[in-house]
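Welcome, and thanks for taking a look at this structure with us. Please keep the 3D view open beside the text, and find each element as it comes up.

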Amino acid sequence: MSWGITFVKGWFYLIMSLMLDLGHLALISGLIYMMVRRASFHLPKLNYLRSYRGEKELRPVASNWRIEDWIFMSVLLVIEFTGFLQEACGLIVDQPAWAIWSPIGLAIANTLTAAGMSVDTAASIRGMNWWMHGVLALAFTAAIPWYKAKHIISAVGSLLFRDKKPLALLPSEPKDAEKAGISSIEDFTWKDMLHLDACTKCGRCHEACPARTAGYPLSPRDFILDLRVYNDEAQGCTIPGIDLVGGVIAPETLWACRTCGACQEICPVGIEHPALIVRMRRHLVEQGKMDPLLRNTITTIGDTGNSFGENSRKRSQWTKALEFRVKDIREEPADTLWFVGDYASFDPRNQKVSQTVARLLKAAREDFALLHEGEKTAGNDVRRVGEEGLYEELAEHNVEQMMGAKPFKQIITTDPHSYNTIKNEYPAFGEIAPISHYSSVLADLLSSGRLKVKKPLNKRVTFHDPCHLGRMNGGYDAPRKVLELIGCEMVEMPRNRDNSFCCGAGGGRIWIPDTPGTEKPSENRVHEAARLGGIDVFVTCCPKDLVMFEDARKTGGHEKDFVVQDLAELVAEAIELKSLRLEDLPPLADRIVKAVANQISEAVASRLDTVLAARLASMPAVSAIAAAAPQAVIAAAPAAAAAAAAAAPAASTPSTASPAPALEVAPPASAPASESASAQPVASGDLPTLNPVSWSALKPVQPANFAGYTAPPKDGPRILVTVKHVAKLGDEYGFTPDGRDVRREFMEFSLNEWDDAALEEALRCVERIGKGEVVAVTVGDPEADTSLLKALAKGAHRAVRIWDPSLANADPITIARAIAGIARAEDPDLIMSGVQSGDQAHGATGTALARILGLPHAAVVVGLDWDGSSKLALARELEGGLRHTFELKSPAVVCIQTGINTPRFATMKMVKQAKQKPLVAVDAAGVIDGSSGYVVRRMYTPEQTKAEMLKGTPPEIAKFIADLVRDKKGG
Amino acid sequence: MSGILIIAEHINGAVRDITKESIGAAVSLKGSYGGPVTVAILSSDPDALAASVNLEGVDEIVTVKMAGDHFDPHIYEEATIKIGEQMKPGLIVFGHTVNGMACAAAVAARLGAGFASDVLALKAEGGEIVATRGAYGNKVNLEVVFPKREIVVLALRGATYPMPTNPGSASVRALDLDVAAAAGSMQHTGYIEAPPSNIDISKAEYILSVGRGIQEKENIPRFEQLADKMGFTFGCSRPIVDAGWLPKAHQVGQSGKVASTCKVYIALGISGAVQHLYGMKHIDTIIAVNTDPEAPIFNVATYGVNVDLFELTKELESQFS
């Protein structure tokens with residue numbers, strides 16, 4: 001061919017011929033192997049039957065896949081065979097000199113010739129087979145976009161466009177998005193759909209998934225295939241009547257994921273399953289559709305900043321057991337900021353590890369500091385649960401704390417979850433110092449000699465790679481190096497490094513209870529370790545791992561096989577770390593001095609309190625406080641002490657002349673005392689003079705008169721809901737100097753559970769009626785806005801907050817009086833109130849409110865039916881479960897009992913958006929006096945008779961109980 | 001203008017324990033506060049109930065004949081005010097019960113009286129009432145006083161004050177009251193019985209109860225089977241019923257049933273809210289299992305266990321298999 005360029009000639013042709021022959025041979029061998037493997041290996045990952053979901057029979061679509069798979073392989077095999085036949089026939093007919101360069105073809109040609117095939121026969125086969133091979137091959141190619149073979153193309157695209165850190169750095173939500181996450185097929189990007197199309201059904205993710213392995217209803221393969229089948233039908237548009245989340249993908253499937261990343265790590269075509277799952281979870285969270293315990297935990301994190309629901313003051317309490325003081329980065333600079341994380345701060349077992357790490361750092365003379373109560377949970381798991389708004393708030397808070405702190409050079413953490421999010425996700429919120437996991441810090445300290453191994457451990461250990469350290473951030477080597485440096489014999493589990501098997505706690509699963517009867521992923525893992533044989537220690541370097549595997553070791557029956565220990569504990573043993581070292585003595589002395597100074601100042605403070613209390617005795621209501629005030633130990637302020645001594649008896653001695661002596665005494669002795677006191681919390685003349693209430697002088701309580709308050713005009717029925725920002729105490733608390741309340745810093749606040757139910761009921765009424773508004777009213781200081789915002793986020797239209805500091809300790813009738821003032825202005829058609837508050841538990845505010853307003857009322861309501869008319873059908877619950885049904889005329893006050901409904905959930909995003917809604921603060925100063933009802937004379941911790949706590953192992957305790965029960969029943 | 005007025009509570013033709021406990025509280029206060037102690041019974045047949053409140057220390061029983069027996073807080077409030085106007089008591093006592101909650105605070109607001117609810121101890125100092133109540137999940141107690149109030153209304157916590165056992169010699173006086181002003185606020189429509197059940201907490205001798213600590217609904221059968229194997233009646237706390245995991249009949253506590261005849265009570269994962277303790281704290285042998293060492297249930301339990309609930313359950317299952 002003189003007019004063209006020919007490549008396929010000469011040596012090039014010969015070598016190509018040889019390569020093609022060998023290549024096709026390889027393909028045929030591969031295809032045959034695939035067929036045999038499919039037909040007789042019975043690999044679970046190639047089985048489309050969803051036995052993990054209790055499926056007994058293959059679904060039609062999956063049967064079709066099976067047929068499709070076999071057609072694909074068979075057709076390809078036939079194309080291959082006809083190709084070789086064509087080549088062989090050609091060689092028989094043409095007899096070229098270079099036939100040896102097509103060795104397979106030649107071998108077949110020779111075999112056929114030996115079997116008696118003539119040149120003519122070969123030529124006619126050649127003619128017919130050419131058509132057959134050609135049509136098959138072309139048809140196969142042309143059909144690629146229409147069936148499973150399309151992964152040949154889509155896989156290339158999928159791999160090309162994959163994210164670098166698809167799970168370590170999750171995609172955020174668009175700022176102006178109306179709804180969260182993925183709720184319909186339109187929410188998928190073209191890249192998402194490309195990933196769906198790329199799946200080859202190889203089943204590796206199915207096999208690697210810890211949720212599927214443990215019997216949970218999630219197979220990453222089936223998750224992707226279900227989405228693909230749906231999308232093939234929907235073509236990117238929503239099919240009416242089919243919900244993506246709930247209809248195509250079940251919520252329990254989404255909640256089964258531990259976001260360990262095993263599926264995407266092993267996927268040969270770059271599919272990013274976990275990020276899709278998290279984005280679909282965001283939709284579920286927005287709908288409030290989640291496990292009740294998870295919901296509680298998320299609410300708790302929103303309220304307290306940690307998943308343990310502890311007061312933030314307790315976050316660094318674990319440092320109290322140390323021999324040295326741990327710096328506060330907010331007050332003094334340090335080289336290293338240690339971000340501790342929730343489990344390492346609050347979980348008792350992990351607190352010991354944190355103490356060990358602190359001592360190791362101290363021994364290595366590392367200059368480190370904490371954020372102390374400035375730290376909140378990092379939010380890695382909150383984000384993976386799908387509560388994006390709360391995550392953003394937590395990240396903003398922590399970044400703000402770090403940026404506002406004194407200078408530091410680097411961040412360390414023991415928690416791989418915090419490590420991941422701070423390293424990969426926090427940079428979106430501000431400048432973040434370099435962060436290291438403590439495993440690499442320990443590796444450095446050991447190899448640089450700052451920590452010296454004195455006793456090589458000679459232990460046979462195995463190591464579990466945390467998902468967030470290993471797979472997501474490549475931290476495989478540092479922990480192994482540490483183990484080597486301290487003289488451990490490291491035995492790898494079969495699933496290690498990037499194929500590590502998740503403990504099951506990730507993605508918020510640590511907050512969701514496991515389904516009974518399933519083997520926990522952590523149990524599966526400890527069995528794997530036990531099978532290694534002769535292991536001394538199962539080593540972890542993640543606080544959640546320690547909890548999970550310690551638990552699994554017990555429940556999995558491996559208590560005798562090995563112990564579970566943190567990496568730092570082994571290092572401490574190897575360097576023979578003592579809890580108290582000589583070089584730590586100066587700081588210890590420092591600490592002792594500080595402690596003594598604290599004691600002195602506390603003593604002085606309590607002395608002062610006594611004096612102040614005596615001063616307070618000049619007020620009518622609180623005369624007994626002086627007697628109840630703590631006794632001072634050290635006479636640090638003689639003048640004040642003497643004055644207190646003079647004042648206290650005078651204040652607590654009742655006079656017999658007056659009918660209400662204890663309350664009316666204004667002892668003159670307290671006047672000079674007050675002059676010597678340095679501060680006066682309450683001016684003595686502030687309380688209004690009250691005229692006694694008696695049968696001859698009844699004073700029905702009237703609504704407070706907020707003259708300046710006007711309500712907007714009504715548009716449909718208006719429901720007023722009273723809500724309260726309630727306080728909860730931890731196991732540690734202290735009283736205010738006047739002994740009449742708990743100090744505020746020991747309280748954690750949240751929206752009152754009963755009011756939440758009342759709000760839900762009100763919202764349902766308005767939704768049912770189709771118009772109207774819900775107005776939330778509270779009495780509280782500006783912090784109570786948090787609960788009002790929550791009410792607004794859930795759907796209340798407006799909110800009103802009434803406040804004057806005197807209302808802090810007010811009785812329920814005074815509170816009701818304040819609310820009545822607003823209610824009168826609002827003129828609601830219905831008022832709903834929780835039966836009681838979680839902190840004071842009066843169970844009276846709603847009833848008092850009704851009386852003050854002169855409205856009919858009902859308490860402990862568990863059933864309500866109202867269409868906006870004047871008739872209100874109610875059921876209240878009596879003791880024993882009997883229900884009393886009746887009707888009231890609206891407007892009325894209804895006190896709602898919990899259990900009547902399940903209140904909706906408000907995400908942090910909704911709470912932020914709720915800031916746009918009207919929230920009016922009403923100043924009650926001069927309008928209402930909080931101390932005009934009852935007066936709290938003193939608050940104290942009651943003495944309790946405690947149960948005899950049974951010590952011992954669970955089997956021993958069970959035996960004790962069983963014996964006791966048998967004894968009681970037999971006797 | 002003195003003395004103590006107790007508003008009796010009754011259901012199905014019987015005076016409730018809370019009224020007898022209130023009498024106990026009032027009688028013990030009489031010495032320091034001053035009598036008389038008067039019990040008012042509002043009923044369609046008050047005379048039939050008078051005998052059961054005629055307990056030692058009661059000075060007078062006032063009977064008020066009502067049109068019906070369905071509790072209406074508006075009518076109770078009106079009647080209490082009317083009786084008060086005649087008797088002029090310094091202290092009016094209700095129970096902190098479902099009915100008391102609907103009425104006591106309204107009476108106090110209408111009078112402008114001092115008020116406290118869920119009162120767990122009371123005394124008089126120099127003629128003034130000092131009431132003790134709990135706060136913050138009953139972690140602390142507080143004493144409250146009522147300055148300038150010569151009338152105080154209190155709602156007393158149940159199962160807290162001893163009931164007098166000896167009969168008294170109170171005079172009985174019938175009062176004819178006009179409560180028409182309050183009639184018509186509420187239209188009684190009926191009662192819905194709790195769904196029938198073969199569980200009777202009030203008659204059970206051995207009860208195994210579960211609370212929030214069991215984590216999820218799927219765990220219910222496991223504990224029910226354990227109770228069954230041990231020969232215990234299966235009970236629970238309020239949140240379990242609220243969540244719809246068990247029918248109401250299983251609930252121990254104020255809004256459930258009181259375990260009156262129980263000898264051994266095992267509480268698994270129950271923290272011990274006041275309303276639950278109401279139903280079981282009197283029991284002689286209580287074994288409480290909770291992971292929170294500070295749980296209030298340990299304040300009433302005989303034996304406390306502070307281990308993982310499920311680990312212990314596993315061991316109990318093998319003990320009773």
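Five strands of chain A make up an open sheet, ordered E1-E3-E2-E4-E5, and their pairing is parallel. Strand E1 (327-328) and strand E5 (435-437) of chain A are at the edges with a single partner strand each, so one side of each has no neighbour in the sheet. Two strands count as paired if DSSP finds at least two bridges between them; strands (E, at least two residues) and helices (H or I, at least four) are DSSP runs, numbered from the N terminus. This is a predicted model, in which local features need pLDDT of at least 70, side-chain atom pairs count only at pLDDT 80 or more, and totals for chains, interfaces and linings use all residues. Residues are numbered from 1 along each chain as its sequence is written, while chains are lettered from A and ligands numbered from 1 in the order in which they are written.

**Inside the open sheet**

- Strand E2 (residues 336-338) of chain A runs parallel to E4(A), and three bridges join the two.
- Within that pairing, Leu337(A) has Ile411(A) in E4(A) as its bridge partner.
- Ile412(A) also belongs to strand E4, which spans residues 410-413 of chain A.
- Is Ile412(A) buried or exposed? Ile412(A) counts as buried because it has 22 C-beta neighbours inside 10 Å. The rule is that a residue is buried if 20 or more other C-beta atoms lie within 10 Å of its own, exposed if 12 or fewer, and partly exposed in between, with C-beta atoms placed from the backbone.
- Leaving out residues up to four places away in sequence, Ile412(A) touches Thr336(A), Trp338(A), Ile435(A), Ser436(A), Tyr438(A) and Val441(A). Here, contact means that the C-beta atoms of two residues, placed from the backbone, lie within 7 Å.
- Helix H19 (residues 416-425) of chain A lies across E4 and E5 of chain A, at about 155° to E5(A). For such angles, axes are lines fitted to C-alpha atoms, for helices over the stretch in contact, and the values run from 0 to 180 degrees between N-to-C directions.

**Chain A as a whole**

- Chain A contains 35 helices and 22 strands.
- Among its 971 residues, 46% count as buried.
- Of the contacts in chain A with a separation of 6 or more, 78% are between residues 24 or more positions apart.
- The domain assignment of chain A lists domain 1 (10-142), domain 2 (152-172 + 181-289), domain 3 (293-574), domain 4 (585-676) and domain 5 (718-932). Such bounds come from an automatic or database domain assignment.
- Between domain 2 and domain 5 of chain A, the C-alpha centres are 42 Å apart.

**A helix with two sides**

- Which residues of helix H5 (residues 151-160) of chain A are buried? They are Ser154(A), Ala155(A) and Ser158(A).
- These residues lie on the same side of H5(A) because they cover an arc of only 105° around the axis; the arc is that of the directions from the helix axis to the C-beta atoms.
- The buried residues of H5(A) pack against helix H6 (190-198) of chain A.
- On the face turned away from the buried side, H5(A) carries the exposed residues Ile152(A) and Leu160(A).

**A strand covered on both faces**

- Strand E19 (residues 893-896) of chain A has Val893(A) and Cys895(A) on one side and Val894(A) and Ile896(A) on the other, all of them buried.
- Strand E15 (residues 830-834) of chain A runs parallel to E19(A), joined by four bridges, and Ser833(A) stands opposite Cys895(A).
- Strand E16 (residues 857-866) of chain A pairs with E19(A) in the parallel sense over three bridges, where Ala858(A) has Val894(A) as its bridge partner.

**Where the two chains meet**

- In all, 91 residues of chain A are in contact with 94 residues of chain B.
- Helix H35 (residues 954-970) of chain A gives the most to the side of chain A that touches chain B, with 10 residues.
- Strand E22 (residues 948-950) of chain A and strand E17 (residues 303-305) of chain B run parallel and are joined by three bridges; Leu950(A) has Val305(B) as its bridge partner.
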